[in-house]
Amino acid sequence: MKYFRIILLLIGMGWMTGCNDFLDIVPDDIPSMDNAFSNRTAAEKYLFSCYNYLPNPTAIWSNPAVIGGDEIWWNLEKEASDFNGYSAIYLAQGYQNSNDPYLNFWDGANSGRNMFVGIRDCNIFLENIHKPRDIEDFERTVWVAEVKFLKAYFHFYLMQLYGPIPLMKENIPVSASPEDVRVHRDPVDDVVNYIVELIDEAVVDLPPEITSTTSDAGRITQPIALAVKAKVLVWVASPLFNGNPDCVNFVDNMGRQLISSTPDASKWQKAATAIKEAIDACHTAGNALYEYIPTRKMSDTTALKYTIRGSVTERWNKEIVWASTHNVDQLQKWCMPKTATGNLGNGACELGATLKIAEQFYTNNGIPINEDPDWDYAKRYETQIAGKDHQFDIKTGETTAKLNFYREPRFYASLGFDRGIFEGAGQATDASSWYLQARRGEITGFKSTGEHIPSGYFIKKLVNTESVNGIATSYSGRRYTYPIIRLADLYLLYAEALNEIKASPDAEVYQWIDAVRARAGLKGVVESWTKAVVPGKPNTQAGMREIIHRERLIELVFEGQRFSDLRRWKEAAKYLSEPVQGWNYKGETADSYYTISTYWNKRVFGAKDYLWPLKLNTLIVNTNLVQNPGWN
């Protein structure tokens, strides 16, 4: 073989494979590159092998963006052995280290997949795809474009975790000297330029949309590529990589500064241009904000909650720009409450939303609960009885926390809670809807150490309305395509970028965030904040920045965006060092249940935690690599 299969001195390779329901991988019986590219069929399998390195966002125990943060928590009463291989849990608890890092995507260890292997295989594909004689030129061109995108995305994934990384433009030949093998990390700005260059090369040859969700599911399109390019440029424009004062002394052994410590406002302009290009491509391809069209009689309140949940869980809905094709059944089961008598069933009811997430949502006036003078913030942990004015959200006549009253529609669409209505789950009408009984000994409450959520809030948003967890162990999940990027994400990114490049926000900034809010049943930011304690907040860049950030945290909750956003904004230290809290799930009465319990208060997120550490042994093997700040 002409090339190393990977740079052993750099990354000490571990071969790992995953399962994708739509894309086959390279068969084990291919002995050489000549055979791998001997014909169209073999080459296509190698193409799908490159796709197979895309991280699986639904494998949340190994997904740092979901379990590694502070929005979802799990049952700590389980045996430690039950968490073997669940490295994201240890990341969330603050146990990251440089001796043997959790979720090591550099070397491939501790639930992390070696992304450099994926880049290597992309290079092999690009170097050999000219060989098969039975591939039409147009098809070969599209395949090359797909693999260029994948190569760019794998670089981007590593950059989000590690910052500066070695650019693997070509595989290193066998004849390379030892010094050539000991590559350096490239500055983040250079990494971004290369990623953008690859995507620009790819996008012109990609199709505007897939023609079949059966045969082409998961394949890359122009809107996907442009959306990822936009995100890359947003990352490099954001505070973590744009003028980060913590990185003044972050240099390699050639004296190059690896992360900019001087802010560059022009980066936001480049990001804004790229986001708008992505949005336009999405619109041309038919993408739009999702709206549920009722097929049976239901209240407007319920239909709106179906719209909000459906933007994520309605299979191949028009808002989804890029979706994972991995199976979501297990993820749904972990989030699904018990809705009938009997045992919960193995693996059900393990993931809950933390109290801070419940408090993050707006009031029904569309503003934060601590900024709404009409909402009783001081007494939010007390209880009250639900009247008929809440009949579609809370069971009439039942007692629940005041925190659960008079909240925005996304609160009720995203969270399940004690005495709250849980739409769908096998029930077809408002009159027959389930309501959750989550106190100790009740249907959805604590029964034993392995049968409860830990926080008092269920993750309703990730459960399709047609999924059912009923009597005994009868669980039936309706499969959906888990979104990696949806249109609302791009709208909010565009509002963010525009706000950063304007002296003060204007109608163009408001337009994009207001579109997302309108779909969620809320008025625009300017009108909503007239009722706030500080009504002029949307009129300033700083105030609007805070509003846009919170809007992203609410709209994209549980979708793996929060952990990334908090890091690129350099706000993670503010949030991830707070105690993890929720209701007392062992309480049998309303008074005992609605008391605050602290589940974890040992994590301290510091400056070093914004970037993953390189394994110490990796630095010993390749002395040209430097460690990320704070991990020495």
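Predicted model: local features only at pLDDT ≥ 70, side-chain atom pairs only at ≥ 80, totals over all residues.
A residue is taken as buried when its relative accessible area is under 20%. A disulfide is a covalent bond between the sulfur atoms of two cysteines. With a cut-off of 2.5 Å between cysteine sulfur atoms, the number of disulfides in the model is zero.

Aromatic contacts were examined next. A pair of aromatic rings is described by the distance of the centres and the angle of the planes. Across the whole structure, 34 aromatic pairs were found. Among them is the pair of Phe 105 and Tyr 157, whose ring centres are 5.2 Å apart and whose planes stand at 70 degrees; this geometry is classed as edge-to-face. Phe 105 belongs to the loop between α4 (87-92) and α5 (115-128), whereas Tyr 157 is part of helix α6 (residues 137-162), so the pair ties together parts that are 52 residues apart in sequence. Both Phe 105 and Tyr 157 are buried.

Arg 380 is placed over the face of Tyr 377, with a distance of 3.9 Å from the ring centre. In a second case, the charged end of Arg 567 lies over the ring of Phe 563, at 5.6 Å from the centre of that ring.

How values were computed. Residues numbered from 1 in each chain as written. Heavy atoms only, no water. Phe/Tyr/Trp six-rings, centres within 6.5 Å; stacked < 30°, edge-to-face > 60°. Helix = DSSP H or I, 4+ residues; strand = E, 2+ residues; numbered from the N terminus. Buried < 20%, exposed > 50% of the residue type's maximum accessible area, 1.4 Å probe, protein only. Lys NZ or Arg CZ within 6 Å of the ring centre and 35° of its normal.
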